[in-house]
Amino acid sequence: MAAQSATASCSGLRSALPLLAPAYLWLTVAIFLPLSAMVFFSFMTDLPLTGKPWAFTLGNYAAFFSQSLYLTLLLASLRLGLEVTLWCIVIGYPAAYVLAKVLKGRSREAIFLLVILPFWSNGLVRIFSWAMVLREGGILDTALNAVLPFKINIDLMYSYPAVIIGLVHSYVPYMVLTCYLTLQAIDDSLIEAGRSLGASRLQVLKRVIIPLSMPGLVAGAALIFVPVVGSFMEPRILGGRTGTFYGTVIEDQFVAVFNWPLGAALSFILLAVVLVILALASPVLRRAA
Amino acid sequence: MATTRILEGLGRLYIFLLLAFLYLPIIIMALMSFNVSPFYQLPFEWTTEWYASLWQNDQLIAATWNSLEIAIITTLISVVLGSAASLALYRYEFRGKKVLQALLFPPIAIPWLITGTAMLIFFFGVGIGRGLFAILLGHVALALPYVIVVVSARLQTFAPELEEAARSLGANQWQVTMRVTLPWIMSGVIAGGLFAFAVSFDQFVVSYFLSTPGQTTLPVEIYAAIRKGFTPEINAVSTIIIVVSMALMLLTARFFKFGGEK
C-alpha cells in the first residue's frame, strides 16, 4: 500500500476516467445491469418480449414461500454447502499445515502447485472423471473386489455421497490455498515460544495456530460454501435422480420449464442468501486484510 | 526428536494421499480414453480409436473452434481493458476509488448460476439474445476482475519514481506507459491474460445459459453428451481439455506466484 500513497500524481478522476471507463462500462453491461434486470423480472408475470400481456406481481415470491418444495430444496442446498465445507476443512486444513510448516524449499513449491493445479482446470471434466471411479463395475468397485476376499457391490454413482465426493474434490484446493497463505504467515518463533513455555502440541494448535489462521479458514469456507449452494452441474452428473437441489430447480426454470420470472425470483433469493453469508464472513476477512 | 520426525513423516504421507485423491480420477479418466472397451471394461487394451473418432465429430470440432476463438478474443479484450483500469487505479487518487475496487468482487464471488441466468434475462431483454456474441460479452466480464487483481498486484511492486524520472527526462505520458511501466508489469499482464484465457476456456455455467444449439462451446457440448450417456469419446475430449488447461496454469505459475511468498 506504500506505493499507492506515494503516487505523486493526484490528477484525480478526470485523468483516470478514460482508462477506467471501458472496463467498468463492460462490467456494468454484462454484470450489474443483468443483476438489476433479474430483480425487475422477478416481479413480473411474464416476459414483456414474448408479446403476451404482463403485469407486476409478487406471485413468484409467493410461490417460493407457499410451496414448501422450494424452501425444502434451498435447505437441502444449504446443508450440502455446509457438509462440503466441513469436509474441505477437515481434509484441507491439515494439508495446508503440512505444506506451510513441514515441507521446505522446492518440494513445498512443487507440491503446492500440484494441489492447486486441478482447481484451475476444467471443473466439468473433473466431475465427469468421478463417474469412472464411482459407477458399478468402475475402478473403486473393481479394485475393492480384487483385494477383498468376499464379493461386495460398490455403486455410489447417482447418490448423495457421490455428489459430496465430487464437490469436495472440486473445492478442497481452495481451502488448502487460503489456509496455507495464513499459516505460512505465522512466525515459527510463536510456536516455539508456546512449546518452550510448556504447552503441549495440542494446546499450541488450539491456542496459537488455529486462532491465527482463522481468517484463512473463514475465507476458504465462504469461497466454498457460496458456489456449492448454487451448484447444479455437479448434482446433475453425479447425483442423477437424487441430485435435485435448489440450483437444479433454477436451471430447470431457464432451460426446461421456461418460467423465467420464477427462475429470476429463485435466483434473487439465492443471491440474497449468498450476500448475507458474505456479509457475515466479512468482519473476519477484513481483519485479515 | 523422534516424535517430531514421525509426525512429519505422517504429514508427508497425508499430502501424498491428498494428491492421490485429487489426481486419481483424472488419471483413470485419461486411461479409459485409451481403452478398447466402449463400456469401460477391464482388462485394459490400448487403442487410439476414440481420439480418431473425435476427428469425425463435426459438432465437437465446431464447438472447440468456438471455445478457442472466444477464449482468445476474451483474453485480448480483458487484458487491454483490465491493464488500463489497473493503471488508473494505481496512478490516480479520487473519490469513490474504494467503491470501484470493491465492485470487482461481485463478479468473482456471486455464483455463476446467478450471473449466468441474469445475463440470459438481460441480453434477451435488450435484444442481444443468446449465441457466441452474448457468450463473449459474459466471458470478458468474468475475466476482467481477475486481470485487474493480478495486474494491480504486480503494480504494487512498481516504484512510481521510475515514472517521475522518465517524465523529467522529457517522455510524454504514452511513452512513460509503454517504455517504463508496461515492461515492468509485463509478467503480471501475461499472468492476467493466461487467467483470462483459462476463465473463458473452462467456463461452463455462463456459456451454458447463453448458448443456442448451433452456437455453443466445448464444455457445453460435453455436458450435453454426458447427460445422454457416457462414451469413451467424452473421455478423449475431456482428457485433451484437462491437459490443455493444466499446461496453461503451469505456464501461468511461471509468471505469477500463487503462494505469495515473494
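Biologist: Let's call a residue buried if 20 or more other C-beta atoms lie within 10 Å of its own, exposed if 12 or fewer, and partly exposed in between, with C-beta atoms placed from the backbone. On that count, what percentage of the 262 residues in chain B is buried?

Modeller: Residues are numbered from 1 along each chain as its sequence is written, while chains are lettered from A and ligands numbered from 1 in the order in which they are written. For chain A, with 289 residues, the buried share is 43%. For the 262 residues of chain B, the figure is 45%.

Biologist: How many helices does chain A have?

Modeller: Helices (H or I, at least four residues) and strands (E, at least two) are DSSP runs, numbered from the N terminus. Chain B has 12 helices and 0 strands. Chain A has 0 strands too, and its helix count is 14.

Biologist: What radius of gyration does chain A have, next to a compact globule of 289 residues?

Modeller: The radius is taken over C-alpha atoms, and the globule rule is 2.2 Å times the number of residues to the power 0.38. The C-alpha trace of chain A spans about 75 × 75 × 30 Å along its principal axes. A compact globule of 289 residues would come out near 19 Å, but chain A has 24 Å.

Biologist: Which element of chain A has the lowest mean pLDDT?

Modeller: Chain A averages 85 overall, and 93% of its residues score at least 70. Residues 1–10 of chain A stay under 50. Where pLDDT is low, the predicted coordinates should not be read in detail. H4(A) has the highest mean (94), and the lowest (43) belongs to helix H1 (residues 2–6) of chain A.

Biologist: Which helix gives the largest share of the side of chain A that touches chain B?

Modeller: Two residues are in contact if their C-beta atoms, placed from the backbone, lie within 7 Å. The contact takes 76 residues from chain A and 75 from chain B. Supplying 18 residues of the chain A side, the top contributor is helix H2 (residues 13–41) of chain A.

Biologist: How many residues on that side of chain A are charged?

Modeller: Ala, Val, Leu, Ile, Met, Phe, Trp, Tyr, Cys and Pro count as nonpolar, Asp, Glu, Lys and Arg as charged, and the others, Gly among them, as polar. The side of chain A that touches chain B holds 59 nonpolar and 16 polar residues, and the charged count is 1.

Biologist: Which residues does Ala96(A) contact beyond four places in sequence?

Modeller: A nonpolar core is a set of buried Ala, Val, Leu, Ile, Met, Phe, Trp, Tyr and Cys residues joined through C-beta atoms within 7 Å. Ala96(A) is one of the residues touching the most other members of the largest core, which has 157 residues; Val147(B) is another. Leaving out neighbours within four places, Ala96(A) is in contact with Val176(A), Cys179(A), Tyr180(A) and Leu183(A).

Biologist: Where does Phe258(A) lie?

Modeller: Phe258(A) has a positive phi of about 55° although it is not a glycine. Most residues other than glycine have a negative phi. Phe258(A) counts as exposed because it has 12 C-beta neighbours inside 10 Å. It lies between helix H13 (246–255) and helix H14 (260–288) of chain A, in the loop.

Biologist: Is Tyr158(A) buried or partly exposed?

Modeller: Tyr158(A) also isn't a glycine and has a positive phi, of about 60°. Tyr158(A) sits in the loop between helix H7 (139–147) and helix H8 (160–183) of chain A. With 17 other C-beta atoms within 10 Å, Tyr158(A) is partly exposed.

Biologist: Which residues does Gly193(B) contact beyond four places in sequence?

Modeller: Gly193(B) belongs to helix H9 (residues 173–202) of chain B. It counts as buried because 25 other C-beta atoms lie within 10 Å. Setting aside neighbours within four places, its contacts are Thr75(B) and Val79(B).

Technical notes: Predicted model: local features only at pLDDT ≥ 70, side-chain atom pairs only at ≥ 80, totals over all residues. pLDDT = per-residue confidence, 0-100.
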